Amino acid sequence: MVCGGTMVAGMRFVLLAVTVGSMALGRPAYACTGDCNLDGTVTIDEILRGVNLALGLAPERHSCGSFDRNLDGQVTIDELLRSVAIALTTCPPPVIRTVAGNGLAGYDGDGRDPLATAFYLPQDLTVGPDRLLYLVDWNNHRLRRIRNGVVETIAGTGELGDAEDGEALYTKFNHPTNVAFDHQGRLLIAAWHNSLVKRLDFSTGRIENVAGTGLRAFGGDGGPANEANLDLPSSVACDSKGNILISDQANYRIRLVDSAGIIHTICGTSTPGYSGDGGPAALAQLRAPKGQAAPPAGRIAVDARDQIYIADTGNHVIRMIDTDGIIHTIAGTGQPGYSGDGEPATQAQLNTPSDVAVGPDGSVYIADTMNSVIRRVRPDGIIETIAGTGEQGFEGDGGPATRARLDRPYGVEVAPNGHVYIADTHNHRFRVVGDVADELAPPPTPTPTPTIVLCTDEVGSICTYAGNGGMGLSRDGTHRLAATLYWPFDIAFLRNGRKVFLDWNNHLVREILPDDTIRTVLGTDFVGDGPDDLSDLTPEGADPRTVALNHPTDVELFPNGDLLIQAWHNHKLRMADHVTGRVRVLAGRDPGFAGDGGPVGEARLNQPPHGTFDAQGNYFFVDQRNQRIRVIYRFAEERERAVIDTVVGNGTSGFADGPTSVALVNFPTGPNPEPAGGITIDAYGNLYFADTLNHRIRRVQFCSSDFKCGVVTTIAGTGVPGYSGDGGLATEAQINYPQDLEIGPDGNLYLADTNNHVVRMIDFATGVIRTVVGTGTKGYSGDGGPALAAQLNRPFGIAFDENGDLYVSDTFNGRIRKVKR
């Protein structure tokens, strides 16, 4: 969308049911080629207007976007001939086709034909003032566009980060969700998980902040938008005056940034609900998902009259704020469902509508997400489905849009030519509905067979054990070496023989089966926090196929074979029953700190990445944002009834060795930190943890059975990040952002020295540190040769198998690698 609207004014939305005339019934669901007045026919006068447009003779007020069938800003002979053919017959039914996406979830680079390019859960798209398509590639954390017949990235590295100001191609986003253009042709970005609104200036290639501090909260009304707090801003739009409108999802508000940069609330009260129709929008209540694992929701659009349309997702309705500031429901009953086509929209049921757009004739288009359809509310107030059957899936390209299948579309946009574009999210495609020409997908590019260097028995050699080096999602049943993983975080070789790994940016817990294929143990096809029915909070637990996760980081084994999963961004510890597979939450609810001295089932955690059992069944874990190491006493037996307490740290980041009562730790806690803080325990009960932002490895020696007495000592690292000291005392060496820790079969301590791109070992007998894997240079190389000559790319996890071989989660190389020991 271009701020100020590309649609024409002239129709005020009908709020009540009216008598439907023949013209209303005859209006098509889109603008067919040459249908300038959108009445379903093409006249001689309209064809003549098209001729004048083609010759450059028509004044701007006589423009007719519907002639520009291929969205190139020109009117061609073919488009004129198309309009003549329609004039002799009628507007054909709208056809659907894919414009970008090969249907595979992942990232396979830029420079490809749009139909041969992989995207991952795309959320939105818009047509720029240059008539190019701008695409929100959500789970690849990138903004992309189609130009000169290929896809290119315009902002985002693909790595998660804080969306800091600077060069757009070096900005690290966390799930950007929506884009719109302002009057100056700059791209506004709803940086959703960053809780920021950013702006990309194409003349400089730089990103700058528009609104938000990065803190997920509410505040700042009446002051500068850059100093205000937002909470999951899901969309941006502009009115004709250049004001920027923000859907502040988890604050349940619509906010406005005026031309002076001052922010105000214009709708919503910060209390979720459904009220206020017929009154001032500022007093109305909206509803949307709020938690860290909530899906994007509550997007907005503005028409040429500056009326604001809201997808009130949690209330299953579409609402409109008129020019007097009064709010009305224009579609939906407030109850989820799929009904009402052909009837007044206010009597129809919607199911989790996520996005809304306005067409040239004032029609309102709805991404009716959980119904897997796109619907239109006509200017006469009648609702109809224009794309999708209501059944999830993918089919129908090249045929009638109403016979096609979509899969939970989150985004909808209307182009200047009246065509309707869809972010078909779970099909990982962008599609278009309208008078569109068939465009065949290019011949499939054969997937190159990855070069596989077989593992050998030569001690010290390295090979790839799992992953083909890509970034994406492979289906269950894929051979481990052919599988595409998305930032594998860690692997565990469990005592019962299972090989379980964390497919981090796919938000899945998976395992490698005896036949060397992969299988999903836990997680769904979307980011989330448990099942929709919250059954993982019940004693019976939930079907693991329904339990959505948000960045799982660790897996451990209870003595009876049950799995313990740390879902870092869910702030929870979950258990999967070894017999039934059913999953339930043992600890954690909303993020925070609470519960010490009481049952862990009532405690609150804040991004716990790693944990470990001792021989007595006590469970120690890093509570990252709470800046603590905590213990759950007798967790192996007592489960959620076990008592939790803090053993190191007081909630304040810092550094101090000494008694556990005064020791401080420093784990990343910025707006969008990475998981941090590996932890392990040796045979003598000594606890070791990676103090990531202190760039140290530290040991806790306890002197009481309740762990209230103990001493913390640094055993590696100077506190200054760097890479030095091999062959000398570990306490004099520099390490950089250490992550996972393991006690090796030789009794020594191994660490993932992540930002040095190596794995190192501390010899407990001598205190000497040395590198065992990696050169210290970021990259990928070395399979088949010595591990010390191989290159890694930010390894986050390490593990040992039953034979004593070392496995490295070479995270940003998309591989798990094996070192023969």
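Predicted model: local features only at pLDDT ≥ 70, side-chain atom pairs only at ≥ 80, totals over all residues.
Start with the cysteines: the whole structure holds 4 disulfides. Select Cys-32 and Cys-91, whose sulfur atoms sit 1.8 Å apart in one of these links. This pair connects distant parts of the chain, with Cys-32 in the loop between α1 and α2 and Cys-91 in the loop between α3 and β1, 59 residues apart. Both cysteines, Cys-32 and Cys-91, are buried.

Next, pick Cys-36 and Cys-64, joined at an S to S distance of 2.1 Å. Their link is left-handed, at -105° about the S-S bond.

Now jump to Cys-703 and Cys-709, another disulfide, left-handed with -80° about the S-S bond. Here Cys-703 is partly exposed at 48% relative accessibility, and Cys-709 is partly exposed at 33%.

Cys-267 is buried, at 0%.

Move on to Asn-618, in the loop between β37 and β38. Its relative accessibility is 7%, so Asn-618 counts as buried. Display its side chain and you will find the backbone nitrogen of Arg-634 at 2.8 Å. Contacts of Asn-618 beyond its sequence neighbours within four places include Phe-613, Tyr-633 and Phe-707.

Finish at the open sheet ordered β20-β21-β22-β23, paired antiparallel. β20 (353–358) and β23 (383–387) are the edges, each with a single partner strand, so one side of each lacks a neighbour in the sheet. Inside, 5 bridges join β21 to β22; Ile-366 has Arg-375 in β22 as its bridge partner.

Conventions
Residues numbered from 1 in each chain as written. Heavy atoms only, no water. Pairing = 2+ DSSP bridges. Helix = DSSP H or I, 4+ residues; strand = E, 2+ residues; numbered from the N terminus. Buried < 20%, exposed > 50% of the residue type's maximum accessible area, 1.4 Å probe, protein only. Polar contact = N/O pair within 3.5 Å; in protein donor to acceptor, adjacent residues only side chain to side chain. Contact = heavy atoms within 4.5 Å. Disulfide = S-S within 2.5 Å.
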